[in-house]
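Visitor: I would like to go through this model with you. Shall we begin with the terms and then look at the details?

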Amino acid sequence: MKKIINISFVFLMAITALQAQDRTTAKADKYFDNLAFYDAADNYQKIVDKGNGTPYVYRRLAESYYNLVEMKQAERFYKLAMRTEDDLVAEDYFRYAQALKTNAKFDESNKVMQQFAEKAPNDQRAKFFKANPNYLEDLQNKQPNFTEDMLELSAKEYSDFGAYEFNGLFYFVSTRNESRSTYGWNDQPGTDVFVAQNVGGTFKNEIELPGEVNSNYNEGSLTITNDGKTMYFTRNDYTGRKYQTNSEGVGQLRLYKATLVTGEWKDVEALSFTGSEYSYSHPALSPDNDYLYFSSDMPGGFGQSDLYRVAINEDGSFGEPENLGDKINTPGRESFPFMDSDEVLYFSTDGHLGLGGLDIFYTREMKSGFAYPTNLGAPVNTKADDFSFSYYPAKKAGYVASNRKGLGTVDNIYTLDLVQPMDETMLVVSIIDAETNQPIEGAEVIVYDDEENEVKRAKTKNDGIAKLLVVSYEDYDVQANRKGYNSGSETISAKGTEQPVKLLLEPIEPLIVERKVILDEIYFEFDKYEIQAKSALGLDQLIETLKKHEDIRLRVESHTDRRGPAEYNQQLSEKRAQSTVAYMVENGIAEDRLEAAGLGESKPINDCSSGCTEEQHRENRRSEFTIIEEKEGVETTVESSKE
């Protein structure tokens with residue numbers, strides 16, 4: 001895929017010592033410096049074949065083969081270059097380790113990674129490796145989330161990548177236009193954008209994208225706004241029939257936009273925050289189209305290419321690019337961002353621990369920023385280069401480009417079908433007696449989502465632990481209930497593969513005071529009268545007690561906060577009292593044992609005459625319980641529920 005490293009716009013990471021060219025290597029060096037690795041490798045190889053190989057030639061030949069994804073040759077010449085450490089840098093060891101890993105020599109790769117870590121101990125990639133030296137075994141044992149198959153449209157003899165679906169059409173980037181001149185990187189035609197139709201569930205009849213997007217130079221991955229009117233795409237820095245270079249004479253990559261005009265993409269213009277001095281590539285939109293994500297090697301980043309985003313203003317202008325931070329970006333290459341409709345961010349990288357060259361990772365933005373990314377594992381990732389991942393949750397399917405068939409610089413598009421959720425967290429819930437600190441067996445653990453829907457339910461074993469598998473990066477309310485104990489709960493955000501949750505349950509005490517049930521109030525949402533799942537636990541405790549003590553009759557008094565008209569609040573409180581009674585009747589309490597009374601805003605806990613906090617308003621929205629009949633001489637215990 002190293003053709004794609006430049007043509008499809010991951011960045012060249014050439015770090016080579018400046019050495020005086022001599023007549024022997026001058027021609028090869030010129031090709032190398034111009035990124036023409038196909039010709040550079042050919043000329044360096046001729047020097048070696050004549051018996052004039054030196055550490056300098058071996059190193060440059062290794063790097064040329066590395067960029068051409070001829071990893072067996074890259075391994076061979078890195079090994080020769082390693083005979084002497086003259087002029088070698090840490091990055092050489094990293095690439096050598098990557099080549100060994102691609103060639104399935106995992107033990108040798110780990111040994112070279114150890115050398116890399118010794119030479120660059122502060123490099124984030126070295127830190128990742130030292131923290132988890134057995135990562136390869138973990139990734140290889142990971143259960144697959146997808147099945148994969150080669151896309152029928154993807155031609156084996158040409159490179160295809162950048163799969164993108166929009167409004168029933170399939171867009172992709174390809175070298176299949178044989179009329180294009182070949183590219184010095186790998187001696188293949190340049191890249192153009194193509195579009196195919198969906199015919200009976202199969203994409204076919206591909207044509208070059210109509211309009212002005214395709215040029216005499218290379219085009220790359222793209223994204224389209226929700227209204228279908230604007231396309232953002234990557235191209236060599238070429239505008240108005242003029243090819244631009246930076247101050248060192250190197251042509252860069254740049255982001256452009258085009259407008260759909262009568263079925264054709266026209267009015268191409270470069271994005272204002274980009275320029276000719278650095279590369280900008282791989283655009284991806286957030287679901288709301290408020291942000292454009294991209295990859296760049298602009299100054300101030302963490303590595304060879306970083307992921308950024310830029311705000312898109314209402315008038316179409318842009319804010320200032322924002323680096324996504326060092327949890328995502330590394331000293332290596334981060335590229336090809338894609339954000340799905342669930343706001344999951346996917347990207348390609350060789351800086352995080354992977355199975356081979358470039359691997360696909362994913363992450364979500366949390367309150368504190370983006371979470372550490374997770375490797376998607378096989379079959380999405382392989383020992384080869386895997387990149388330009390796209391995923392569509394509604395279809396539970398997506399695409400990835402890869403040179404996994406051993407075709408070197410030829411990449412194909414593979415279809416992916418989801419077989420199990422990508423993000424799952426095992427909640428390990430421990431239920432503990434708050435007084436004795438001993439585990440509680442047989443406690444019922446219930447997990448609710450943020451809309452009060454029950455997600456999972458389980459009972460603790462003799463060790464007081466229940467395990468429940470949930471979807472990651474969602475908020476949950478974990479509740480526990482056990483006879484003889486007050487219920488407990490905790491709100492959590494599920495993260496990682498396993499997450500501990502500890503709940504302390506207080507033993508129940510008799511709680512009848514002056515013929516009033518001291519039960520944590522049953523609270524309501526603002527302007528609502530439905531029973532919440534959290535409050536239902538307390539009611540369930542009360543219901544069980546009433547079933548044991550049939551002599552008790554209760555009066556349910558419901559209240560509102562002091563916002564809104566008094567007459568409306570009176571009606572709302574009556575609905576709350578009726579809702580509370582209805583819940584208890586539905587769960588086995590005879591209706592003639594209950595009375596409902598709505599008291600509106602007449603008896604607030606908090607007066608609010610000088611204003612109230614939201615929490616104080618919430619305390620006013622409640623149902624309370626009073627014993628109105630009890631058989632004389634019978635000792636009664638009412639169990640409480642703590643929220």
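Guide: A residue is called exposed when its relative accessible area is over 50%, and buried when that area is under 20%. The model discussed here is a predicted one.

Visitor: Fine. Which residues of helix H2 are buried?

Guide: In helix H2, which spans residues 26-33, the buried residues are Ala28, Asp29 and Phe32. Viewed down the axis of H2, these buried residues fall within an arc of 100°, so they line one face of the helix.

Visitor: And which residues are exposed on the other side of H2?

Guide: Lys27 and Lys30 are exposed there.

Visitor: What do the buried residues of H2 pack against?

Guide: They pack against two helices, H3 (37-49) and H4 (55-67). As for what comes after H2, the helix is followed by Leu35, which has a positive phi near 65°.

Visitor: Let us change topic. At what angle do H6 and H7 pack?

Guide: Helix H6 (residues 90-102) and helix H7 (residues 106-119) pack at about 165°, and their axes are 8 Å apart. Angles over 145 degrees count as roughly antiparallel, and H6 and H7 are therefore roughly antiparallel to each other. The crossing of H6 past H7 is left-handed.

Visitor: Which residues meet between H6 and H7?

Guide: On the H6 side they are Ala90, Tyr93, Phe94, Tyr96, Ala97, Leu100 and Lys101. On the H7 side they are Phe106, Glu108, Ser109, Val112, Met113, Gln115, Phe116 and Lys119.

Visitor: Now the backbone. What is the phi of Phe336?

Guide: Phe336 is not a glycine, yet its phi is positive, about 50°. Phe336 lies in strand S18, residues 334-339.

Visitor: Why does Phe336 count as buried?

Guide: Phe336 counts as buried because its relative accessibility is 3%, and the cut-off for buried is under 20%.

Visitor: Which residues does the cis peptide bond join?

Guide: The cis peptide bond joins Ala378 and Pro379, with omega about 0°. Pro379 is found in the loop between strand S22 (374-375) and strand S23 (386-392).

Visitor: Another loop, then. Where is Thr225?

Guide: Thr225 sits in the loop between strand S8 (219-224) and strand S9 (230-236). With a relative accessible area of 10%, Thr225 is buried.

Visitor: What is Thr225 in contact with, leaving aside neighbours within four places in sequence?

Guide: Thr225 is in contact with Phe166, Thr230, Tyr232, Leu285 and Asn289.

Visitor: Last topic. How many disulfides does the structure hold?

Guide: The structure holds 1 disulfide. This link joins Cys608 to Cys612, with an S to S distance of 1.8 Å. A disulfide is a covalent bond between the sulfur atoms of two cysteines.

Visitor: Is the link of Cys608 and Cys612 left-handed or right-handed?

Guide: The link of Cys608 and Cys612 is left-handed, with -90° about the S-S bond.

Visitor: And is Cys608 buried or exposed?

Guide: Cys608 is buried, because its relative accessible area is 18% and buried means under 20%.

Technical notes
Residues numbered from 1 in each chain as written. Predicted model: local features only at pLDDT ≥ 70, side-chain atom pairs only at ≥ 80, totals over all residues. Heavy atoms only, no water. Disulfide = S-S within 2.5 Å. Buried < 20%, exposed > 50% of the residue type's maximum accessible area, 1.4 Å probe, protein only. Helix = DSSP H or I, 4+ residues; strand = E, 2+ residues; numbered from the N terminus. Arc of directions from axis to C-beta. Contact = heavy atoms within 4.5 Å. Axes fitted to C-alpha atoms, helices over the stretch in contact; angles between N-to-C directions. Parallel < 35°, antiparallel > 145°, perpendicular 65-115°, else oblique. Left-handed = near helix turned anticlockwise from the far one by under 90°.
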